[in-house]
Amino acid sequence: MILTVTMNPSIDMAYSIEDLKENTVNRVSEVRKTAGGKGLNVSRVIKMMGRRIVATGALGGNFGAFIEEQLDKEKINHAFIHIKQETRNSIAILHDGGKQTEILEAGPVLTAQDVFRFLENYKELLSEADVVTISGSLPQGIESDFYAKLSSLAKQKKIKVMLDSSGESLKQTLLNKDKPYLIKPNQEEISELLNIKLNGKENSEILIKYMSNKIFQDVAWIVVSLGAAGAIAKHNNSFYRVKIPKIHVENPVGSGDATLAGLAIAISEGKDDEETLKTAMTLGMLNTMEKQTGCVNKKLFSKYFGKISVTKL
Ligand code: ADP
């Protein structure tokens with residue numbers, strides 16, 4: 001099975017308010033509440049594609065219980081540890097013809113005891129996992145080398161770790177002795193990491209140079225997703241450019257998570273490089289075509305899979 005890790009999940013609330021006014025009351029008729037956090041989007045897409053998945057992380061309070069209920073409704077297996085503090089809410093207000101204003105809580109502060117219990121639970125879950133995905137930000141109270149620790153524990157059991165994170169926790173994991181098997185930075189994350197700006201139109205030499213950066217040494221797969229421009233990727237000594245067709249986008253939020261779900265599915269099934277990259281891009285695209293975040297229509301999979309090109313650089 002695929003194990004997904006979401007350390008700081010949230011209830012994602014989406015409010016549609018056509019004409020948002022400041023400093024007064026705004027009433028809202030349409031509210032959507034979903035089990036959120038990047039790792040839960042990954043989980044949903046894997047489940048929608050009919051693969052075995054267990055979601056783990058830390059949940060607390062009534063909001064945590066709501067997330068577990070949602071996961072049960074969606075028949076997603078879960079094994080979260082329960083913490084004393086309340087799980088957070090993340091609010092997105094969709095307003096004024098396409099604007100999105102977000103209010104994100106930092107979330108609970110995990111105690112040393114919470115971390116200990118999570119690690120014990122994680123080690124147990126690893127015994128049944130083929131691959132592990134780790135997504136999103138770290139909650140407060142956890143050191144920035146925590147994902148590096150999760151990578152090491154999985155590596156000791158020869159389980160592949162796929163990491164979608166940013167900032168200090170990504171850097172720390174890359175500097176660790178036991179590297180993740182795969183990382184999936186987007187345009188912004190790679191720019192921050194390497195201090196560059198990518199748009200997908202760069203020539204092969206430049207792309208190869210960027211992906212050969214010392215910081216990626218011993219990371220088997222680097223998949224840099226570039227939104228509508230597709231992706232560039234490196235697997236061991238092979239470099240690829242992946243091009244995708246133009247499509248109608250409903251909601252691009254969560255596309256990177258759907259991409260990671262595709263990578264986890266393909267790699268856990270031992271697919272070759274071309275099929276792996278096509279699976280990842282197809283699920284990223286299918287996610288953009290749905291209103292709900294972290295959601296894909298499986299029936300459209302082969303149609304879009306066939307429209308993607310993978311070129312070796
Ligand atoms: P993230 O959501 O992490 O920022 P990206 O925006 O790079 O990640 O999107 C991941 C993948 O989703 C892309 O590589 C692509 O396959 C698909 N995707 C995202 N945005 C678009 C878009 N506007 N048109 C077509 N496909 C898209």
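Aspartate 257 is part of helix α8, residues 255-268 (helices are DSSP runs of H or I with at least four residues, numbered from the N terminus). The model is predicted: local features need pLDDT of at least 70, side-chain atom pairs count only at pLDDT 80 or more, and totals for chains, interfaces and linings use all residues. Residues are numbered from 1 along each chain as its sequence is written, and side-chain values use heavy atoms, with hydrogens and water left out.

**Exercise 1.** Determine whether aspartate 257 is buried or exposed, and find its partners.

*Solution.* 
1. The relative accessible area of aspartate 257 is 2%. Buried means under 20% and exposed over 50%, with partly exposed in between (1.4 Å probe, protein chains only), so aspartate 257 is buried.
2. Beyond its neighbours within four places in sequence, aspartate 257 has contacts (heavy atoms within 4.5 Å) with Lys38, Asn41, Val42 and Asp164.
3. With asparagine 41 there is a side-chain polar contact of 2.8 Å; such a contact is a pair of N or O atoms within 3.5 Å, and within protein one must be able to donate a hydrogen and the other to accept it, while residues adjacent in sequence count only if both atoms are side-chain atoms.

Notes
Helices (H or I, at least four residues) and strands (E, at least two) are DSSP runs, numbered from the N terminus.
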